[in-house]
Structure formats: C-alpha cells, structure tokens
Amino acid sequence: MLEHIKLLLGFTDNAKDELLNYIISVTSARLAILLGLSTVPEALSYIVEEVSVVRYNRIASEGLEHHAVEGETQIFYESDFTGYTDDISAWLAAQDDPENGKGRLRFL
C-alpha cells in the first residue's frame with residue numbers, strides 16, 4: 001500500500017515513509033471503525049490509499065473548512081470518507097445479503 005501511495009504522490013525516495021505509514025495507520029483505523037470491524041477488508045483498501053493521499057495533501061490545512069486565495073478555492077469535506085459513503089454502504093449491504101452466503105447469524 002505504501003508503494004501505491006508514493007506512486008500517486010510522485011515520491012521516488014523513502015524520505016516520507018514514516019509519515020505516510022502513520023497516515024495509512026490512522027486512515028485504516030478510522031475506516032475499520034466506520035465499518036464496525038477490527039481491520040479493513042482487502043476489497044476496500046483502495047479507500048485507505050485514496051484517503052491517505054488526501055490527508056497527506058492536506059497537511060498544514062487541518063481544521064480548515066474552505067480556503068480561498070486569488071480565485072482559487074479549496075473546500076474540505078467534514079469527513080475524508082464522505083466521497084466513499086456509497087462504496088462503504090454497498091460493501092456493508094453485500095455483507096448482509098443472503099445471496100452471497102455471508103449473512104449474519106443472530107441467537108435470541
């Protein structure tokens with residue numbers, strides 16, 4: 001995953017590896033909580049990669065809702081996962097779908 005993120009950011013050396021690994025760790029933990037799981041499933045790992053790039057690019061702009069300078073405007077979502085809510089919902093729905101054989105069993 002680290003190599004994919006470095007590729008997306010255009011990094012060719014290891015200078016930012018520690019920072020990127022921390023961002024990956026925090027992003028993975030947050031997504032796992034949103035999913036109600038202890039780890040992120042492989043099928044959703046692309047979300048961790050893409051959100052990690054967004055978080056890296058937003059360093060020093062944390063807490064800003066929007067930023068405008070000479071006609072250029074940047075607007076930040078309240079949650080970095082906002083753009084992926086449909087993907088997350090679809091994955092969660094598929095886990096509850098009895099057609100895929102991965103339904104939930106509840107004892108009453």
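**Helix packing and buried contacts**

Q: Which helix does Leu-35 lie in?
A: Leu-35 lies in helix α2, which covers residues 17–35. Helices are DSSP runs of H or I of at least four residues, strands are E runs of at least two, and both are numbered from the N terminus.

Q: What are we looking at, and how are the residues numbered?
A: This is a predicted model, with residues numbered from 1 along each chain as its sequence is written. Local features need pLDDT of at least 70, side-chain atom pairs count only at pLDDT 80 or more, totals for chains, interfaces and linings use all residues, and side-chain values use heavy atoms, with hydrogens and water left out.

Q: Back to Leu-35. Buried or exposed?
A: Leu-35 is buried, at a relative accessible area of 7%. Buried means under 20%, exposed over 50%, and partly exposed in between, using a 1.4 Å probe and protein chains only.

Q: What is Leu-35 in contact with, leaving aside neighbours within four places in sequence?
A: Pro-41, Leu-44, Ile-88, Trp-91 and Leu-92 (contact: heavy atoms within 4.5 Å).

Q: And how many residues apart in sequence are Leu-35 and Ser-89?
A: They are 54 residues apart in sequence. In space, their C-alpha atoms are 9.0 Å apart.

Q: Trp-91 came up. Where does Trp-91 lie?
A: In helix α4, residues 85–96. Trp-91 is buried, with a relative accessible area of 18%.

Q: What does Trp-91 contact, leaving aside neighbours within four places?
A: Leu-35, Leu-37, Pro-41, Ala-43 and Leu-44. Take Ala-43: it sits 48 residues from Trp-91 along the chain, yet their C-alpha atoms are separated by 8.5 Å.

Q: New topic: Thr-27. Which helix is Thr-27 found in?
A: Thr-27 is in α2. Thr-27 counts as buried because its relative accessibility is 0%.

Q: What does Thr-27 touch, not counting residues up to four places away?
A: Val-48, Val-51, Ser-52, Arg-55 and Phe-81.

Q: So how do α2 and α3 cross?
A: At roughly 125°, with axes that come within 9 Å. Axes are lines fitted to C-alpha atoms, for helices over the stretch in contact, and angles run from 0 to 180 degrees between N-to-C directions. That makes α2 oblique to α3.

Q: Which residues of α2 and α3 make the contact?
A: From α2, they are Leu-19, Leu-20, Ile-23, Ile-24, Val-26, Thr-27, Ser-28, Arg-30 and Leu-31. From α3, they are Ile-47, Val-48, Val-51, Ser-52, Arg-55 and Tyr-56.

Q: At what angle do α1 and α3 pack?
A: About 50°, with their axes 10 Å apart. These two are therefore oblique as well. Angles under 35 degrees count as roughly parallel, over 145 as roughly antiparallel, 65 to 115 as roughly perpendicular and the rest as oblique.

Q: Which residues make the α1 and α3 contact?
A: His-4, Ile-5, Leu-8 and Leu-9 of α1 meet Glu-49, Ser-52, Val-53, Tyr-56 and Asn-57 of α3.

Q: And α1 with α2: what angle?
A: About 115°, with the axes 10 Å apart. So α1 and α2 are roughly perpendicular. Leu-2, Ile-5, Lys-6 and Leu-9 of α1 contact Asp-17, Leu-20, Asn-21 and Ile-24 of α2.

Q: How many aromatic pairs does a search of the whole structure find?
A: The search finds 1. Phe-11 and Tyr-56 pair edge-to-face, at 5.4 Å centre to centre and 85° between the planes. Rings of Phe, Tyr and Trp (its six-membered ring) pair if their centres lie within 6.5 Å; planes under 30 degrees apart are stacked, over 60 edge-to-face, the rest tilted.

Q: What does the pair tie together?
A: Phe-11 is in the loop between α1 (2–9) and α2, and Tyr-56 is in α3 (residues 45–57), so the pair links parts 45 residues apart in sequence. Phe-11 is partly exposed at 23%. Tyr-56 counts as buried at 16%.

Q: What pattern does the protein follow along the sequence?
A: α-α-α-β-β-α. That is 4 helices and 2 strands.

Q: What share of the residues is buried?
A: 29% of the 108 residues. As for contacts between residues at least 6 apart in sequence, 54% join residues at least 24 apart.

Q: Where is confidence lowest, and where highest?
A: Strand β1 (residues 66–69) is lowest, at a mean pLDDT of 60, and α2 highest, at 93. pLDDT is the predictor's confidence in each residue, from 0 to 100. The protein averages 81, and 71% of the residues score at least 70. Where pLDDT is low, the predicted coordinates should not be read in detail.
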